[in-house]
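Please read the sequence and the structure below side by side. The paragraphs after them go from whole chains down to single residues.

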Amino acid sequence: MITSSKKSIFFLIFLIVGCSTTRVDEEINTAFTISGDESIVLLSNSYHTGNQTEIDFMECVNSSISKKQNAFEILPTRQFQNLFYPWFEPSTAPQTVEDLPNVLSNDLIKNKLSEMKIKYLIKITGQTKTNASSGALSCAAGPGGGGCFGFAWWDDTSDYTASIWDLSQETAVGNVTANVTGTSMIPAIIIPIPILARTQSNACEGLSNQIVSFFSG
Amino acid sequence: MVRMNSAVKKIILLQSLFLIGCGAQNLVIDTIIPSPLVAKNENITVRLMFDEKLQNFIFTPEELQKKEAPVQISFSDTQVKLFQNIFSSFFVLDNSDKDDTPRTNNLNINVKLDKFEYLTPQMAANQKYSVWFKYNIQILNANNQPIDNWMITGYGEQETGAFQDNEAFSRAIQIALRDTGANLSIKTQDEIVNIGNSIG
């Protein structure tokens, strides 16, 4: 009994998560459709322009969208960049919808997009930032053992925007945004117990749900 | 996916100090750049010439850099492969040294590494590695008369994040090489008509 209680407590510690608030928004500019054999691709704006969208966030949205629906295909970002190298690299990809005609005037690119039925390009911008942090946590170890004491907390904001571009029409058909704020903390009396607000994974979940719902009409 | 504050990072850093020894490390760069999606001009044959330093470039940090990043970087033939891959997508490459079938070249291209620079998180007081390459590329006609001279740069950055330090550094170098390939492809695409005109 004692062992099983300990296991439950240990397991529960890992389930404790901090509180977070999620807000998602959607804006549709023009009518659009997508069919089962057509694809979308996600691309983040370049760090050359100061954008810092994390690679793991892009991977999370890619995998989340492909798990949530089977109404259309999603081509993994890296595969897309390799197939269309060097036209969608961080320093060469169109950064705004106004840059699209420059790239799409190249027949090789246009024909390959059409051959692979890649209809929409979703440009992701945004990042997760720590706004404020406070508290103190100190740990010490000696021959008789060790431990931590103190309390630390911090606020994170994950703010991401997905701009959906129609590659055949060369227009932006809409925008989806996800904004998640949350407070994480680590109280420690001998053992530190992290209570983390998973703002980035919540933003990934919120944004991918909203993108799927956007294409579901 | 989980954000950590400085307290958590300090705990992890403290733990890692017990696990990692000190001393210079060797970083081997071996990256594959995709073939560019461009039209090949089968009428132009090019002979590539590489600066000796570039062929098996081994970067050894200077005394000042050793304190920040005591890493020796071995590029082996990665840079040579990068330029061969890009130029072979635009032109026919003359490999007569290898296959003993001499061709009449229209162009000679001389590639030289001008600069390789980097910043570590310690140097820049941030959480990322930044890497720059700068190459000098001379375009010469069959008689070795200069036609054009290009400065091609490549930049890459990688946050340390969950990576071990050397892995983040290695990724930043690979991103910078990939960026070099992208910039070179765009430049060649822009200049290919002028090059064709200048050799008749």
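Predicted model: local features only at pLDDT ≥ 70, side-chain atom pairs only at ≥ 80, totals over all residues.

Chain A has six helices and six strands. In sequence order these elements run α-β-β-α-β-α-α-α-β-β-β-α. The radius of gyration of the chain is 22 Å, whereas the globule rule gives 17 Å for 217 residues; the value is well over the rule, so chain A is more spread out than a compact globule. The C-alpha trace of chain A extends about 70 × 40 × 30 Å along its principal axes. Of the 217 residues in chain A, 32% are buried. Among contacts in chain A with a separation of 6 or more, 74% join residues 24 or more positions apart.

Next comes the contact between the two chains. On one side stand 20 residues of chain B, and on the other 30 residues of chain A. Helix 7 of chain B gives the most, with seven residues. Sorted by class, this side of chain B holds 12 nonpolar residues, four polar ones and four charged ones.

Within chain B there is an open sheet of three strands, with the order 1-4-3 and mixed pairing. Strand 1 (25-28) and strand 3 (58-59) of chain B are at the edges; each has a single partner strand, so one side of each has no neighbour in the sheet. Strands of a sheet pair through backbone hydrogen bonds, in a parallel or an antiparallel sense. Strand 3 of chain B pairs with strand 4 (residues 71-74) of chain B in the antiparallel sense, over two bridges. B:Phe59 has B:Ile73, in strand 4 of chain B, as its bridge partner.

Which residues of helix 4 of chain B are buried? They are B:Gln79, B:Leu82, B:Phe83, B:Ile86, B:Phe87, B:Ser89 and B:Phe90. These residues cover an arc of only 155 degrees around the axis, which places them on the same side of helix 4 of chain B. An α-helix has 3.6 residues a turn, so residues three or four places apart point the same way.

The remaining details concern the backbone. Most peptide bonds are trans, and most residues other than glycine have a negative phi. The peptide bond from A:Tyr85 to A:Pro86 is cis, with omega near 5 degrees. A:Pro86 sits in the loop between helix 3 (77-83) and helix 4 (100-104) of chain A.

A:Lys117 has a positive phi, near 55 degrees, and is not a glycine. This residue is in the loop between helix 5 (107-115) and strand 4 (118-142) of chain A. A:Lys117 has 14 C-beta neighbours inside 10 Å, and therefore counts as partly exposed.

In chain B, B:Ala125 also has a positive phi, of about 55 degrees, although it is not a glycine. B:Ala125 lies in the loop between helix 6 (121-124) and strand 7 (128-141) of chain B. Is B:Ala125 buried or exposed? With 7 other C-beta atoms within 10 Å, B:Ala125 is exposed, because the cut-off for that class is 12 or fewer.

Definitions and conventions
Residues numbered from 1 in each chain as written. Chains lettered and ligands numbered in written order. Contact = placed C-beta atoms within 7 Å. Helix = DSSP H or I, 4+ residues; strand = E, 2+ residues; numbered from the N terminus. Nonpolar A, V, L, I, M, F, W, Y, C, P; charged D, E, K, R; others polar. Pairing = 2+ DSSP bridges. Rg over C-alpha atoms; globule rule 2.2 N^0.38 Å. Buried ≥ 20, exposed ≤ 12 C-beta atoms within 10 Å, placed from the backbone. Arc of directions from axis to C-beta.
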